[in-house]
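This report walks through selected local features of one model. Keep the viewer open while reading.

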Amino acid sequence: RTLYVIPFSMGPPSSPLAKVGLQLTDSAYVVASMRIMTRVGPQTFPRLAQGDFVQCLHSVGRPLPLTDPLVSGWPCDPERTLIAHVPARRRILSFGSGYGGNSLLGKKCFALRIASRLARDEGWLAEHMLILGVTDPAGRKRYVAAAFPSACGKTNLAMMTPTLPGWRVQCVGDDIAWMKFDAQGRLRAINPESGFFGVAPGTSMKTNPNAMLTIQSNTIFTNVGQTSDGGVYWEGIDQPLAPGTTLTSWLGKPWSPGDPEPCAHPNSRFCAPAAQCPIMDPAWEDPEGVPIDAIIFGGRRPEGVPLVYEAFSWQHGVFVGSAMRSEATAAAEHTGRRLMHDPFAMRPFFGYNAGQYLAHWLALGRRPGLRLPKIFHVNWFLKDQSGRFVWPGFGDNSRVLAWICSRVAGEDNAVATPVGLVPREGALDLRGLRGVAHGDLFPMARPFWEREAQELRAYFQENFGQDLPGEVMGELEALEQRLRAM
């Protein structure tokens with residue numbers, strides 16, 4: 001196979017937060033995708049010449065000539081796949097996989113697993129977070145970073161079209177944030193990527209029109225279905241087919257609606273340049289980053305967890321992030337509806353001891369002179385007893401962002417609960433939403449949260465042990481005390 005050499009920058013090359021990598025690969029798919037997802041070119045040469053770069057080695061593991069036929073045209077060696085990270089040496093080795101997350105080594109491998117270790121050593125944060133700018137009708141702008149497990153609506157939120165009149169959302173990034181406190185104590189964030197590697201199924205003009213407009217050209221589609229007239233297809237694309245159009249599944253087989261297997265793989269992807277997104281923020285490539293006013297954690301919680309609540313403090317916010325749980329997604333190794341612990345949405349991406357990771361967040365928050373962002377938790381996926389979502393989501397999530405912005409501005413419109421501060425009745429704008437009642441959005445059942453605290457205690461003991469910071473256990477004990485006082 002042909003050997004390709006890819007010199008690339010994660011982040012705008014002139015940014016003090018940017019890092020450089022050099023990837024060797026034998027996959028033309030990787031080359032084309034990396035040119036979209038990272039900044040490839042001679043602007044990386046000065047850093048490379050200094051030896052200041054992450055080494056990335058990748059092979060699909062199928063030398064030519066082939067001894068066995070390929071499955072679905074993908075060169076890979078799933079029986080011997082190995083993806084290894086050596087953080088101390090800034091080195092990534094990937095063999096046998098052609099899939100994006102395992103072969104586009106600038107993405108999760110570098111930007112989270114290696115970068116989280118670099119961030120700990122250098123005093124910053126590398127996080128599985130989107131970044132968006134939200135502007136209110138008066139023209140006041142806030143920037144928000146938000147962590148969700150894969151396929152929990154990160155891209156939809158980052159590219160939201162608000163339903164609230166006069167509000168505007170602009171995208172800085174949909175997946176990864178690198179953040180560092182500046183000399184004035186503001187937390188500044190860059191998007192280290194230059195493209196979107198989004199989940200295709202469920203993406204439509206209804207759910208995410210800005211994503212659909214982004215992927216009209218210069219886009220690589222992976223494991224989606226194909227139409228006989230040269231188009232792409234996936235579950236939830238919500239576009240009528242022209243008469244006589246036939247479909248081919250991601251496995252290369254004829255497919256018809258109603259077939260038992262999906263047309264597109266549940267984790268099929270689009271890879272598109274970020275600059276094509278019609279709502280990219282003007283500052284999305286600002287070398288200094290954008291100032292973060294709020295941090296949001298969230299996940300799929302069909303029961304018990306309120307639509308939104310605010311942490312009592314930075315330390316309590318670290319606890320809220322550590323306690324994140326979500327229904328498993330197609331992007332994770334577990335399938336189905338199992339509820340998974342996913343601290344900071346980083347469970348698959350920690351580049352070092354997870355207890356030390358929490359300690360790093362706590363230590364940053366103790367630095368003097370900081371303007372710490374407020375921390376929130378959201379749950380778009382709460383259901384009623386009949387299994388229906390109680391919140392419409394999508395563009396109506398702007399109503400939650402509006403309340404978050406009001407809290408950042410210092411408005412007194414929240415009430416305390418055992419888990420955090422929730423909107424006072426009337427503080428969350430529900431005008432125009434039929435059948436949505438404030439009380440249904442903010443359940444606070446003591447038995448549910450007692451179970452949650454009990455399961456969290458067991459999870460901490462089993463997975464963190466002595467590495468769990470005492471402050472985090474202290475926050476759990478404080479939650480248990482508040483529940484007893486209900």
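## A buried tryptophan and its ring partner

Tryptophan 403 has 1% relative accessibility, so it counts as buried. Buried means under 20% relative accessible area, exposed over 50%, and partly exposed in between, with a 1.4 Å probe and protein chains only. Phenylalanine 376 is also at 1% and therefore counts as buried.

The model is predicted: local features need pLDDT of at least 70, side-chain atom pairs count only at pLDDT 80 or more, and totals for chains, interfaces and linings use all residues. Residues are numbered from 1 along each chain as its sequence is written, and side-chain values use heavy atoms, with hydrogens and water left out.

## Aromatic pairs

Searching the whole structure gives 20 aromatic pairs. Rings of Phe, Tyr and Trp (its six-membered ring) pair if their centres lie within 6.5 Å; planes under 30 degrees apart count as stacked, over 60 as edge-to-face, and the rest as tilted. Tyrosine 352 and tyrosine 357 have ring centres 6.4 Å apart and planes at 55°, so this pair is tilted. Both of these tyrosines are buried. For phenylalanine 376 and tryptophan 403, the centres are 5.9 Å apart and the planes stand at 80°, so the pair is edge-to-face. Phenylalanine 376 sits in strand β25 (residues 374–378) and tryptophan 403 in helix α9 (residues 398–408), so the pair ties together parts that are 27 residues apart in sequence. Helices (H or I, at least four residues) and strands (E, at least two) are DSSP runs, numbered from the N terminus.

A cluster is linked by ring pairs: Phe297, Trp314, Phe344, Phe350, Tyr352, Tyr357 and Trp361. Over the face of tyrosine 352 lies arginine 120, at 4.7 Å from the ring centre. The criterion puts NZ of Lys or CZ of Arg within 6 Å of the ring centre and within 35 degrees of the ring normal.

## Helix α8

Nine of the twelve residues of α8 are buried. Among them are Tyr357 and Trp361. At the start of α8, a side-chain oxygen of asparagine 353 comes to within 2.8 Å of the backbone nitrogen of glycine 355.

## Strand β11 and its neighbours

Strand β11 (residues 177–181) has four of its five residues buried. Strand β7 (residues 125–127) pairs with β11 in the antiparallel sense over three bridges. Pairing requires at least two DSSP bridges between two strands. Alanine 126 has tryptophan 178 of β11 as its bridge partner.

Strand β12 (residues 187–190) runs antiparallel to β11, joined by four bridges. In β12, isoleucine 190 is the bridge partner of tryptophan 178. The hairpin of β11 and β12 has five residues between the strands. In its turn, glycine 185 has a positive phi of about 85°.

## A three-strand sheet

Three strands form an open sheet in the order β13-β19-β14, with antiparallel pairing. β13 (195–199) and β14 (220–222) stand at the edges with a single partner strand each, so one side of each is left without a neighbour in the sheet. On average, neighbouring strands of this sheet are turned by 15° against each other, direction ignored.

β14 and strand β19 (residues 269–273) pair over three bridges. Phenylalanine 221 stands opposite phenylalanine 270 in β19.

Conventions: A polar contact is a pair of N or O atoms within 3.5 Å; within protein, one must be able to donate a hydrogen and the other to accept it, and residues adjacent in sequence count only if both atoms are side-chain atoms. Axes are lines fitted to C-alpha atoms, for helices over the stretch in contact, and angles run from 0 to 180 degrees between N-to-C directions.
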